[in-house]
Amino acid sequence: KIKPVPKTGQLVDVESVMVVGIFPWFLFRSPCAMKKSVVLVYQQSIGAVCNLDWPKSKLLIQVLDDSDDPTTQMLIREEVHKWQADGANIVYRHRVIRDGYKAGNLKSAMSCDYVKDYEFVAIFDADFQPNPDFLKRTIIHFKDNEEVGLVQARWSFVNKDENLLTRLQNINLAFHFEVEQQVNGIFLNFFGFNGTAGVWRIKALEESGGWLERTTVEDMDIAVRAHLNGWKFVFLNDVECQCELPESYEAYRKQQHRWHSGPMQLFRLCLPDIIKSKICFWKKANLIFLFFLLRKLVLPFYSFTLFCIILPMTMFIPEAELPAWVVCYIPATMSLLNILPAPKSFPFIVPYLLFENTMSVTKFNAMISGLFQLGSAYEWVVTKKSGRSSEGDLVTLGEKEAMHERCSSETTLVEMKEELLKQEMKASKKKKKKHNRIYMKELSLAFLLLTAAARSLLSAQGIHFYFLLFQGVSFLLVGLDLIGEQVD
């Protein structure tokens with residue numbers, strides 16, 4: 001229950017701050033790399049940030065569109081024009097040379113001449129919807145504290161109860177934010193930037209080398225370099241920013257591959273700098289062993305080798321034996337500790353344990369590809385979202401949309417509708433249907449585990465049989481893509 005306390009007050013008093021002349025200037029960015037199938041996503045994000053409770057003269061909104069679809073570009077540009085007509089200080093940017101993924105997008109935006117007029121930058125991905133008081137509750141932690149380079153808010157999820165996959169993701173992320181981020185923020189003044197829903201001091205970004213395109217985790221990269229440069233971070237667990245969880249296993253799998261291969265790429269690059277840095281020894285140890293190795297390398301390796309390889313193989317080798325505490329007590333304790341920050345998810349503790357072991361295949365593969373710089377380590381796939389929103393957001397945006405309709409160009413709207421109609425007709429002709437994908441690695445391990453379970457039953461191995469049976473069924477369900485939403 002320990003949390004950061006700002007030096008002055010709880011919220012920014014807009015009127016008093018403007019009087020004394022120290023009102024900060026904000027540059028908002030919303031990196032977009034979306035397809036036209038999730039048009040609603042950017043409407044929610046742009047609408048949410050344009051409704052921030054902050055003087056419009058002190059806030060510039062950049063919408064950074066990295067899409068390669070002309071219709072998507074036209075729709076985003078039209079949305080920006082609507083808010084411009086409503087008085088928002090908002091600009092649309094689309095890159096001609098789209099190198100470097102998100103890092104390249106942010107780097108390009110930082111090169112604008114007007115950036116030098118601003119002191120802070122708030123970054124939100126295209127599916128994030130900040131509350132109106134977001135800036136007021138974050139900027140107060142920069143005031144009178146020149147050492148703070150980043151203030152990070154936590155994520156909340158509009159679709160965490162959508163299906164079993166999103167429920168299990170919520171358990172993992174609740175632990176990440178309420179334990180990892182919060183504890184590191186309080187005791188170390190450092191944690192990994194989550195890439196979105198955070199406010200950076202632009203000076204901290206510039207002094208730390210800016211956005212680099214050398215890994216697929218540009219957020220973690222800039223956070224490590226800023227920490228080594230002496231900047232402090234503040235994590236606010238009570239300031240939430242709504243977003244979506246991926247609802248299909250295919251999208252979640254690609255996201256986790258990037259989240260585990262990228263840190264290993266970065267670890268190879270940053271290790272010499274960490275060792276040579278001037279930060280104290282115990283902070284170096286935290287960076288190397290806890291920040292990089294434990295969650296991203298040790299745990300995936302442990303889960304994959306022990307539960308997916310060693311344990312089933314012992315069923316075929318009578319001389320080999322694993323004690324019950326290795327098979328039962330350690331994973332049960334780890335799952336219990338992980339689920340504590342999300343007590344409402346306690347009924348899902350068994351599926352969570354089985355699913356985490358199943359995901360260890362993807363994480364282990366990603367860790368190896370990142371550590372040894374294999375080709376798949378440099379894949380950067382945008383996580384697909386469906387454009388869900390809370391009921392309140394939809395009402396607010398609906399009212400804004402009605403007002404904007406009166407201000408928008410009728411010619412442009414007609415053109416957009418005609419273009420969308422053509423696309424819908426093309427899609428209907430193709431008759432795409434949702435289907436289950438087949439994942440051969442998971443099915444192969446399912447066969448191994450179920451065979452080992454049968455062997456365990458025949459040899460009366462006791463508790464090992466139940467674990468192998470349920471873990472094998474878990475791999476089978478994932479291998480047949482029966483968890484989460486189906487894909488097109």
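1. Of the 488 residues in the protein chain, buried residues make up 53%, where buried means under 20% relative accessible area, exposed over 50%, and partly exposed in between (1.4 Å probe, protein chains only). This is a predicted model, in which local features need pLDDT of at least 70 and side-chain atom pairs count only at pLDDT 80 or more, while totals for chains, interfaces and linings use all residues. Residues are numbered from 1 along each chain as its sequence is written, and side-chain values use heavy atoms, with hydrogens and water left out.

2. The secondary structure of the protein chain comes to 16 helices and 8 strands; helices (H or I, at least four residues) and strands (E, at least two) are DSSP runs, numbered from the N terminus. Among the contacts in the chain with a separation of 6 or more, 82% are between residues 24 or more positions apart, a contact being heavy atoms within 4.5 Å. The accessible surface comes to about 22,800 Å², of which 60% belongs to carbon and sulfur atoms, with areas taken from the Shrake-Rupley method with a 1.4 Å probe and, for residues, only the protein chains shown counted as cover.

3. In H15, the buried residues are Glu442, Leu443, Leu445, Ala446, Leu449, Ala452, Ala453 and Ser456. What covers them includes helix H9 (249-276), helix H10 (281-314), helix H12 (349-371) and H16.

4. The structure holds 20 salt bridges, each defined as a side-chain nitrogen of Lys or Arg within 4 Å of a carboxyl oxygen of Asp or Glu. One of them joins the side chains of Asp238 and Lys3 (3.7 Å, N to O); Asp238 lies in strand E8 (residues 232-243) and Lys3 in the segment before helix H1 (14-20), so the pair ties together parts that are 235 residues apart in sequence. The side chains of Arg137 and Asp133 also meet in a salt bridge (3.9 Å, N to O), and Lys3, Asp133, Arg137 and Asp238 are linked in a network of salt bridges.

5. Arg95 forms a salt bridge with Asp66, the closest N and O atoms being 2.7 Å apart. Arg95 is buried, with a relative accessible area of 8%, and Asp66 is buried, with 6%.

6. Asp221, found in helix H8 (residues 218-228), is buried with a relative accessible area of 0%. Leaving aside its neighbours within four places in sequence, Asp221 is in contact with Leu212, Arg214, Thr215 and Leu266.
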